[in-house]
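Here are my notes for a colleague opening this one for the first time. Have a look at the model, then read on.

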Amino acid sequence: MESFVNEVNFFEGNNPEDIVAQYGTPVYVYNERILRKRIRNVAGVVKKFPYKANFSMKANSNLTILKIVLEEGLNADAMSIGEVKLLELAGFPADRIFFVPNNVSDDELKYAIDKGITVSLDSISQLERFGRLSPGARCAVRINPGIGAGHSDSVVTAGKNTKFAVEEKDIPELLETARKHNLKIVGINQHIGSLFMAPDPYLAAVTNLLRIAHKFDDLEFIDFGGGFGTPYHKLAGEQEFDINLLTEGIEKLLGDFIAETGKQILFKSEPGRYVVADSSVLLGRVYATKENYDKKYAGTDIGQNVLVRPTLYGSWHDVEVLRDGKPVLPSSGTEVVSVTGNICESGDIIAKERELPVIKEGDLVCVLDAGAYGYSMCSPYNSRPRPAEVMICEDGSVKCIRRAETFEDLIRLF
Ligand SMILES: Cc1ncc(COP(=O)(O)O)c(C=O)c1O
């Protein structure tokens, strides 16, 4: 594929130059049509049995996006009380929020308890704390199934090298702690990690969690976590994550479990990235081109403060070059260039030594798959205010869904 934005008509007939003329660069641009399609895909992962997908909002916490997620019928999981409050602001009722925190204080737990939000405890020590605060309550626990998967060690959240969850050998002590406080463990959840492109590791983890589920008597739900991948190398032909293949595998496992146990269980998942990644591109302007010791650089205003994934994980994002609002296609000639940002760090590189269409000063770069862990991981490092987010609606109109920060926003806390 030479151009993703052309292939899917990402800008829906709008000229990206008009968008940046109004909102500046850098700017996150979302496509509502693609977003809704992804949401519907995850909502249908399991059809034969009771199932609910929870959107993992750490991937994207924009209020407009949360409202769309709610409207489409997904539930949501939150990692902090800040996330819980955003979900409440978007209109999510307590029974559609799942609080899955890590190492939280009494105050955070109390907030969720008072609101009647189901909490998943991620260690025996946190279960003990929860039990002291809310004896007799219903809760869930996060299990580490001993299997992890992901695109980088930093996002593998299960297995033998992670801080997350309770390992299987500690379940007797966990149950004892629950008994002591008269807690009812109504759910178990797991999250093995992020970004796998084939269902196998997920199905292996589902199999394992279903086996572990036999150790709990009062289960009402089992949550298998997120992690469904997005093809970040789509320009090179990488194919989409095959949701149908996942459905086939998972429904077989769930069918066997129900036949064996006769239990009425709600099954859940927690996808974040898959829902939002390819519904957004990040536009930035090229302000300088240069050669340093025979290496070419295109200097843009997309710093690591705006999109940190390449710096943090060495992640790959496809990059397109736009001139006069249209993609410059690789077939017009390419060169090897590093696309960098404007931050005072050597690691401030969006795309390292990439073969790209020849970039000129004044071009726009269009970073693909920016919707997940993009804006939600932004920072004002180097005192650069965070960018705006805009959405191209299904009717083709463009609306601002978060204004750009200003210098005044940055200094408000002093
Ligand atoms: C507990 C939990 N659930 C769900 C997710 C979402 O993962 P992904 O965005 O890969 O689907 C994460 C990501 O870190 C997580 O920690």
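The points below go from the overall layout down to single residues.

1. First, some ground rules. This is a predicted model, in which local features need pLDDT of at least 70 and side-chain atom pairs count only at pLDDT 80 or more, while totals for chains, interfaces and linings use all residues. Residues are numbered from 1 along each chain as its sequence is written.

2. The protein splits into domain 1 (4-28 + 278-411) and domain 2 (33-276), with bounds that come from an automatic or database domain assignment. Taken over C-alpha atoms, the centres of the two domains are 32 Å apart.

3. Helices (H or I, at least four residues) and strands (E, at least two) are DSSP runs, numbered from the N terminus.

4. Now pick out helix H9 (residues 200-213). Its 14 residues reach 20 Å from first C-alpha to last, close to the 20 Å expected at 1.5 Å a residue; the expected span is 1.5 Å times one less than the number of residues. Tyr202, Ala205, Val206, Leu209 and Leu210 of H9 are buried. These residues sit on the same side of H9 because they cover an arc of only 140° around the axis, the arc being that of the directions from the helix axis to the C-beta atoms. Their cover includes strand E6 (138-144), strand E8 (184-189), strand E9 (221-223) and helix H10 (243-261).

5. A word on that burial term: a residue is buried if 20 or more other C-beta atoms lie within 10 Å of its own, exposed if 12 or fewer, and partly exposed in between, with C-beta atoms placed from the backbone.

6. Some backbone details deserve a look. Thr25 and Pro26 are joined by a cis peptide bond, with omega about -5°, and Pro26 is in the loop between helix H2 (16-23) and strand E1 (27-31). Asn382 has phi near 60°, a positive value in a residue other than glycine, and Ser383 has a positive phi of about 55° although it is not a glycine either. Asn382 is in the loop between strand E17 (364-367) and E18, and Ser383 lies in the loop between E17 and E18 too. Is each one exposed or partly exposed? Asn382 is partly exposed, with 14 C-beta neighbours inside 10 Å, and Ser383 is exposed, with 9.

7. Finally, find Trp316 in the loop between helix H12 (309-313) and strand E13 (319-323). Trp316 is partly exposed, with 19 other C-beta atoms within 10 Å. Leaving aside neighbours within four places in sequence, Trp316 is in contact with Tyr232 and His233.

Key. Two residues are in contact if their C-beta atoms, placed from the backbone, lie within 7 Å.
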